[in-house]
Amino acid sequence: SDYALEYPLSPAHMDWASHYPAFVDPDESKLTLSGSRKLLKDVEVADIGCGFGGLLIGLAPVLPETLMVGLEIRSQVTEYVKVRVAALRNQQARLRAASSSTSTPIPTAEEPETTNDQTQEDLPEDAPAIPDSTQQAQSLIPGGYQNISAFRANTMKFLPRFFGHHQLSKIFICFPDPHFKARKHRQRIISSSLNAEYAFVLKPGGLLYTITDVEEYHYWVLRHFGVLDHATTTTNNTAENAAEEKKDDAEDEDDDEDENSGVARVRELFERVSDEELAADECVKVMREETEEGKKVARNKGPKFVAVFRRLPDPDWS
Ligand code: SAM
């Protein structure tokens, strides 16, 4: 349940300083509307449903100057990501301190209060072990993991309260929960109304990355970004699902109409990125190989379906 989740009043109320201490603006007079210190730059990348944080950790050295954040609905998983990132920061800081010949003080990350044991205990067995924060890192990585963080949120609610209009340059939606049954499709985190919200927070030219191992969900993604229509899509639907969908359709004709006009609008906001462009995009490699789900799918020799969409300039809807 997400009843206890807190939402900021607006992006200008977000307290980012506690997430990215190395990027806090040294000018102490610069404060957000909630009274926290401002950062030197905006958060630009969001990982929606970040799970254990593998994507963020993989991307941290690829985009070392870019602030990236994971959003995750499960509280223990969110705490786990915070502890994991803090441990990685500390390992980096220890190595830097040990190898530095200067006396410049190196900021160590402030670890969340949860201990490693408490966090790991509550998690599924497949959660990667948290690095030992008292050890030195094996090697220095660009940015030292200071540029990644996570917070708890239900991303189906109030995304524009976290991020401003055109704030983000990349959104990742990696292996979203499939919610196979037709009556559960409303819980999918890709829909025409949510896609319109993603478009709102993405800047023109920004990219929205998706990956799934469920072929039917891949077609769902393509349909909801308006690059495939229903009739041309093979869904491998089961008889049970088809019957459920029909019942749902009968009940929700109004919803369907909304959905169709929603998709028509979303189609004007995004274009699909070509396979050639994706082949050269390091972020796609990280998304395929560094996410925990991506690793699991690879172990089981399952398929991975990638679709990336570029945010187009705002259309003239006046
Ligand atoms: N993206 C990660 C990866 O690829 O390894 C995790 C994938 S896991 C299958 C889906 C994650 O999305 C889960 O951690 C789940 O708790 C989270 N999630 C599902 N619905 C969400 C929502 N509405 N808001 C935030 N997170 C959500």
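Predicted model: local features only at pLDDT ≥ 70, side-chain atom pairs only at ≥ 80, totals over all residues.
Local features are reported at pLDDT of at least 70 and side-chain atom pairs only at pLDDT 80 or more, while totals for chains, interfaces and linings use all residues. Residues are numbered from 1 along each chain as its sequence is written, and side-chain values use heavy atoms, without hydrogens and water.

I begin with the ligand. Polar backbone atoms lie 2.8 Å from a ligand nitrogen at Gly-49 and 2.9 Å from a ligand nitrogen at Cys-174. The side chain of Arg-74 places an N or O atom 2.9 Å from a ligand oxygen. Taken alone, the ligand exposes 600 Å², of which the protein buries 89%; these areas come from the Shrake-Rupley method with a 1.4 Å probe.

His-218 is buried, at 10% relative accessible area; buried means under 20% with a 1.4 Å probe, protein chains only. Beyond four places in sequence, His-218 touches Thr-212, Arg-272, Phe-305, Val-306 and Ala-307, contact being heavy atoms within 4.5 Å.

Finally, Leu-269 sits in the loop between helix 8 (253–267) and strand 6 (270–272). Leu-269 is also buried, at 7%. Its C-alpha atom is 5.2 Å from that of Leu-312, 43 residues apart along the chain.

Methods
Buried < 20%, exposed > 50% of the residue type's maximum accessible area, 1.4 Å probe, protein only. Polar contact = N/O pair within 3.5 Å; in protein donor to acceptor, adjacent residues only side chain to side chain. Helix = DSSP H or I, 4+ residues; strand = E, 2+ residues; numbered from the N terminus.
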